[in-house]
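Me: I would like to learn how to read a model of this kind, feature by feature. Could you take me through it, giving the general idea before the particular case?

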Amino acid sequence: MTEVKQHRLILMGPPGAGKSTQALAISKKYNIAHLSTGDMLRAAVRNNTCYGIEVKPFLDNGKFVRDDVVVVLIKESLKSNPLCANGFILDGFPRTVSQAGMLDIMLRAMNIPLSNVINLITGKNTLEERISGRLIHADSGRTYNTSFIPPSVPMKDNVTGESLTQRSDDIPFVLQSRLSEFNKHTEEILSYYESKGILNTVDASRTADEVSDSIHSILMATH
């Protein structure tokens, strides 16, 4: 019997590149887990856990959270989320070469190494426009935009009717800090994964459907 290859991938890209939108689409299409480190951390803050109390000041100011905290949260999710048996998408991690190395060690120890790293690229002006109008449904991770993908009812989730919110780190001065932090380490991380032969780049300035088609083609080519 032919072995079915799991898709175990990382989505990279700056804030506003569409990582969450694409991760949700991939997760649904391939029935694999979407592991957003940002969502994990924000849930910890929302639930006032010990990790949440520690990381809240970092999130509010667009700064990176300690590596060991994020790795623990990822490992717990890999073990507890049943969809991880089919594969997973990591969204928002790693952000430094050190984190990439820690992640590789952990995944190899669990016998689930990465199969792809997909880097979403787009211009700064597009990022700022997307971010300034972004709205989030906290429980599901569904994302809207007041200009591009508005909810049917203003400030309400299309599925549940619950209120939408803007993330505390989506305001302009925090966005600049987030972009600065991202750009500081990006080149090194991309080189790290390119050396492993698993890096692919996708133009994320196009429509969400066009970006999804490109990602699907990459995954099929490496299947």
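Me: To begin with a pair of helices, are H2 and H4 roughly parallel or roughly perpendicular to each other?

Reply: Two packed helices are described by the angle between their axes and the distance between the axes. In this predicted model, the axes of helix H2 (residues 37-46) and helix H4 (residues 67-80) come within 10 Å and cross at roughly 100°. Angles of 65 to 115 degrees count as roughly perpendicular, and H2 and H4 are therefore roughly perpendicular to each other.

Me: Which residues in H2 and H4 meet, and how do the residues of this contact divide into nonpolar, polar and charged?

Reply: From H2 come Thr37, Met40 and Leu41, and these meet Val70, Leu73, Ile74 and Ser77 in H4. The residues of the contact of H2 with H4 comprise 5 nonpolar and 2 polar ones, with no charged residue among them. Ser77 of helix H4 counts as buried because its relative accessibility is 16%, and, setting aside residues up to four places away in sequence, Ser77 touches Leu35, Met40 and Cys84.

Me: How many residues has the largest nonpolar core, and which have the most contacts inside it?

Reply: The largest nonpolar core has 31 residues, and those with the most contacts inside it are Leu78, Phe88, Leu103, Leu114 and Tyr193. At least two residues of this core are supplied by each of several elements, among them strand S1 (7-12), helix H3 (50-60), strand S3 (87-91), helix H5 (97-109) and helix H7 (172-195), while H4 gives the most, with 6 residues. A second, separate core of 20 residues includes Ala17, Ile26, Ile131 and Ile218.

Me: If I take Tyr193 as an example, with which residues is Tyr193 in contact once its neighbours within four places in sequence are left aside?

Reply: On that basis Tyr193 is in contact with Ile10, Met12, Pro94, Ala100, Leu103, Leu114, Val117, Ile198 and Leu199. Ile198 and Ile118 are 80 residues apart in sequence, yet their C-alpha atoms are 8.3 Å apart in space.

Me: Turning to the helices again, is Gln99 buried or exposed, and which residues does Gln99 touch, not counting those up to four places away in sequence?

Reply: Gln99, found in helix H5, is buried, because its relative accessible area is 3% and the cut-off for buried is under 20%. With that exclusion, Gln99 touches Val65, Asp67, Phe93 and Pro94. Ala23 in helix H1 is also buried, with a relative accessible area of 0%, and under such an exclusion Ala23 touches Leu11, His34, Ile89 and Asp91. Ala208, by contrast, lies in helix H8 (residues 208-221) and counts as partly exposed at 35% relative accessibility; Ala208 touches Thr21 and Gln22, not counting residues up to four places away in sequence.

Me: For the backbone, what is the phi of Asn31, and what is the phi of Asn111?

Reply: Asn31 has a positive phi of about 55° although it is not a glycine, and phi of Asn111, likewise a residue other than glycine, is positive and near 60°. Asn31 lies in the loop between helix H1 (19-30) and S2 and is partly exposed, with a relative accessible area of 43%. Asn111 sits in the loop between H5 and strand S4 (116-121), where it counts as exposed at 63% relative accessibility.

Note on methods:
Residues are numbered from 1 along each chain as its sequence is written. This is a predicted model: local features need pLDDT of at least 70, side-chain atom pairs count only at pLDDT 80 or more; totals for chains, interfaces and linings use all residues. Side-chain values use heavy atoms; hydrogens and water are left out. Axes are lines fitted to C-alpha atoms, for helices over the stretch in contact, and angles run from 0 to 180 degrees between N-to-C directions. Helices (H or I, at least four residues) and strands (E, at least two) are DSSP runs, numbered from the N terminus. Angles under 35 degrees count as roughly parallel, over 145 as roughly antiparallel, 65 to 115 as roughly perpendicular and the rest as oblique. Contact means heavy atoms within 4.5 Å. Ala, Val, Leu, Ile, Met, Phe, Trp, Tyr, Cys and Pro count as nonpolar, Asp, Glu, Lys and Arg as charged, and the others, Gly among them, as polar. A nonpolar core is a set of buried Ala, Val, Leu, Ile, Met, Phe, Trp, Tyr and Cys residues joined through side-chain atoms within 4.5 Å. Buried means under 20% relative accessible area, exposed over 50%, partly exposed in between (1.4 Å probe, protein chains only).
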